[in-house]
Amino acid sequence: MSADFLVELGTEELPPKNLKNLMNAFVENIQADLTALELSFDSVKAYAAPRRLAVLVENLASETPSKELVVWGPPAAIAFDKEGQPTKAALAFAEKNGIAPSELKAESDGKAEKLVARISQQGQKTAGLLEKVVSDALAKLPIAKRMKWGAKREEFVRPVHWLVMLLGSDVVNANILGLQAGRTSRGHRFHYNNTIELAKASDYAAVLKNTGYVVADFAERSATIKAQVEAEAKKVGGVAVIDADLLDEVTALVEWPVALTGKFEERFLAVPAEALIASMKEHQKYFHVVDANGKLKNNFITVANIESKDATQIIDGNERVIRPRLSDAAFFFETDKKTTLASLRERLKTIVFQAQLGTIYDKTERVAGLAKLIAGKLNADVASAERAAQLCKSDLVTNMVGEFDDMQGIAGFYYAQNDGENAEVAAAMNEQYMPRFAGDQLPQTVTGTIIALADRLDTISGIFGIGQQPSGSKDPFALRRASIAVLRLLVEKNLTLDLRELLTFAKAQHKNLTVGDELVEQVLSYMLDRFRAMFEDAQIPAEVFQSVTAKQLSQPLDINQRVLAVNEFSKLPQAQALAAANKRVSNILAKQNTAVSTDVNSALLQEEAEKNLAAAISAKEAVVAPLFASRAYTQALAALADLQPTVDAFFDSVMVMCDDQALQQNRLALLSKLRGLFLEVADISYLVPAKN
């Protein structure tokens with residue numbers, strides 16, 4: 001026997017930015033609890049709207065399965081006395097499991113004879129379990145701060161008003177959050193501000209939609225909004241830009257979506273599009289519209305929660321609301337343009353970056369010094385790099401950024417253009433923050449790349465230098481993200497820069513650091529460890545990365561090239577044999593009391609196998625030398641893979657640690673030379689699987 005189960009919790013308007021998370025958590029919690037109870041069901045469907053969270057479980061079993069339990073008791077030797085009568089231990093076991101003492105039996109559990117009770121446990125009725133299932137699911141919701149209302153003791157993210165719990169057509173007897181479960185839901189606040197009696201659980205979505213003007217299905221509502229917004233944009237000859245997060249938020253704000261198009265004066269298009277979009281998106285939850293070339297149009301699309309008889313009034317109201325916001329943006333833009341970024345820089349002296357690290361002005365000075373160093377190493381325009389570094393934070397004190405914090409960097413780009421700064425300097429104002437998040441684009445200009453590197457390296461070295469490095473889940477200065485950004489910039493931009501050298505310079509520019517000489521190596525280790533996670537995400541084995549880091553390198557581009565090469569080498573059929581040979585050579589050489597030479601005396605080569613190995617190594621040296629020089633590590637290792645049969649033959653027939661000291665040292669030199677060839681790329685002995 002089975003029936004559909006419905007639970008709907010009616011509330012005041014739920015937090016729109018968190019509604020989707022609440023919905024997903026609610027259904028996952030209920031599904032997990034039902035599974036833990038071994039209750040079978042066909043499917044589970046989540047619903048969420050501004051004033052409700054609901055879950056529908058299809059064909060939920062009417063009771064939990066019956067079970068045959070086997071309970072083991074004390075050993076038979078303890079359970080019965082010499083006369084065969086049950087002891088206190090046996091009687092206690094019988095009482096606990098509802099067995100008459102005369103029915104006590106002993107069986108072997110595979111180790112010893114013990115008392116055993118075989119108990120038939122009847123399944124529990126599902127209806128009696130659902131109150132706890134739903135209560136627990138609500139208690140586990142990801143709610144940062146729960147609230148109380150009125151004189152009630154119950155807590156939830158918003159005040160609750162009704163509770164529906166139906167198993168088939170029957171009401172489940174439950175009281176949750178102070179509400180007695182029933183079959184009464186409610187419709188749309190305006191279109192159908194009445195109660196709705198649900199005859200059975202499976203009626204839920206259809207009745208709410210057809211009678212109550214509520215599209216309870218979050219995904220259906222989202223798809224409807226998307227289709228309507230796209231259709232509205234097409235009417236004005238444009239394309240709607242639909243941000244996924246904004247779509248989720250708007251979906252969480254309406255129960256009966258109706259998309260409407262408004263417009264604003266064309267004069268506002270003189271303001272940076274990003275500011276207009278931020279105002280429309282963040283403050284009004286509007287979707288903006290662009291033309292075929294991606295240029296912002298003077299239209300916006302709003303989603304109403306009502307099907308109005310006179311939609312023009314809603315449109316007019318939204319146009320009147322957005323006008324003063326766009327006017328503010330235009331005013332800020334025009335006012336800011338009257339002052340250059342260079343003149344604003346003095347105001348940065350009053351803004352503290354970090355108490356021990358000085359002001360934002362101090363930071364720009366340090367960034368400028370580091371930018372000059374990097375530009376020189378890259379043969380880039382040093383003057384542009386220094387200028388961009390000096391101006392890179394000036395937009396923080398503009399009116400535009402004060403009102404729209406998302407405009408940081410973007411505003412600087414427009415103001416630098418207005419000031420007549422060169423194109424690379426202007427671009428760097430915005431590109432300094434790239435990449436802003438995982439997978440984000442990198443700077444397009446060289447100057448922007450230099451400032452993005454210098455800014456982050458200054459922050460990382462400074463914060464580590466005052467002993468506030470990340471720990472556990474705490475990373476208030478986002479140093480992990482900054483480190484990953486630096487690595488991406490160096491690798492993806494093919495920059496042959498040495499991190500150790502840059503960090504040493506960055507450290508020298510700071511004045512009040514509390515961490516001493518170990519700082520550079522500490523920061524370098526932290527940053528390169530981010531590499532490990534990046535390679536793991538790329539499905540590159542940890543031992544491949546370890547084989548390269550064993551060389552203690554500090555140039556990320558070079559490290560990346562080596563890791564990719566070793567990863568390809570590890571897939572070759574000869575890889576494991578050569579890795580094992582290198583491990584063996586490493587162990588042999590490690591046992592020597594003195595450093596082993598790589599000078600091989602050909603006159604002392606006696607065995608055919610060692611002569612062959614010496615010849616093969618000499619031949620490979622000539623082949624791989626130019627490959628090493630050009631960092632063609634993949635080709636170099638592929639060439640060295642051919643040595644595998646010659647190396648195996650050597651170890652099969654040559655005694656390295658022979659009694660003749662001259663022969664022994666010569667053979668050690670030969671092995672050292674072999675190992676040195678591979679060490680030009682990495683220590684491939686790390687590729688040998690660890691023994692359990």
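A salt bridge here needs a side-chain nitrogen of Lys or Arg within 4 Å of a carboxyl oxygen of Asp or Glu. I keep that cut-off in mind while going through this model, which is predicted.

**Entry: Asp-336.** I looked up where Asp-336 sits and found it in helix 9, residues 311-336. Is it buried or exposed? Asp-336 is buried, yet I find no salt bridge for it. Skipping neighbours within four places in sequence, I list Thr-398, Asn-399, Met-400 and Tyr-415 as contacts of Asp-336.

**Entry: Met-400 and the cores.** I followed the contact to Met-400. Beyond residues up to four places away in sequence, Met-400 touches Asp-336 and Tyr-415, and also Val-271, Ala-275, Ala-329, Phe-332, Phe-333, Met-407 and Ala-411. Met-400 is also one of the residues with the most contacts inside the largest nonpolar core, which has 126 residues; Met-429, Leu-499, Met-527, Phe-569 and Phe-678 are listed with it. I then noted a second, separate core of 43 residues, including Ala-25, Phe-26, Leu-34 and Trp-149.

Entry: I checked the strand order of an open sheet and got 4-6-5, paired antiparallel. Strand 4 (67-75) and strand 5 (105-108) are the edges, each pairing on one side only. From one strand to the next, the twist averages 50°. How many bridges join strand 4 to strand 6? I get seven, with strand 6 spanning residues 113-121. For Val-70, the bridge partner in strand 6 is Arg-118. Helix 3 (residues 88-96) packs on this sheet, touching strand 4 and strand 6, and I note about 165° between the directions of helix 3 and strand 4.

Technical notes
Residues numbered from 1 in each chain as written. Predicted model: local features only at pLDDT ≥ 70, side-chain atom pairs only at ≥ 80, totals over all residues. Heavy atoms only, no water. Helix = DSSP H or I, 4+ residues; strand = E, 2+ residues; numbered from the N terminus. Buried < 20%, exposed > 50% of the residue type's maximum accessible area, 1.4 Å probe, protein only. Lys, Arg positive; Asp, Glu negative; His and termini not counted. Contact = heavy atoms within 4.5 Å. Core = buried A, V, L, I, M, F, W, Y, C linked by side-chain atoms within 4.5 Å. Pairing = 2+ DSSP bridges. Axes fitted to C-alpha atoms, helices over the stretch in contact; angles between N-to-C directions.
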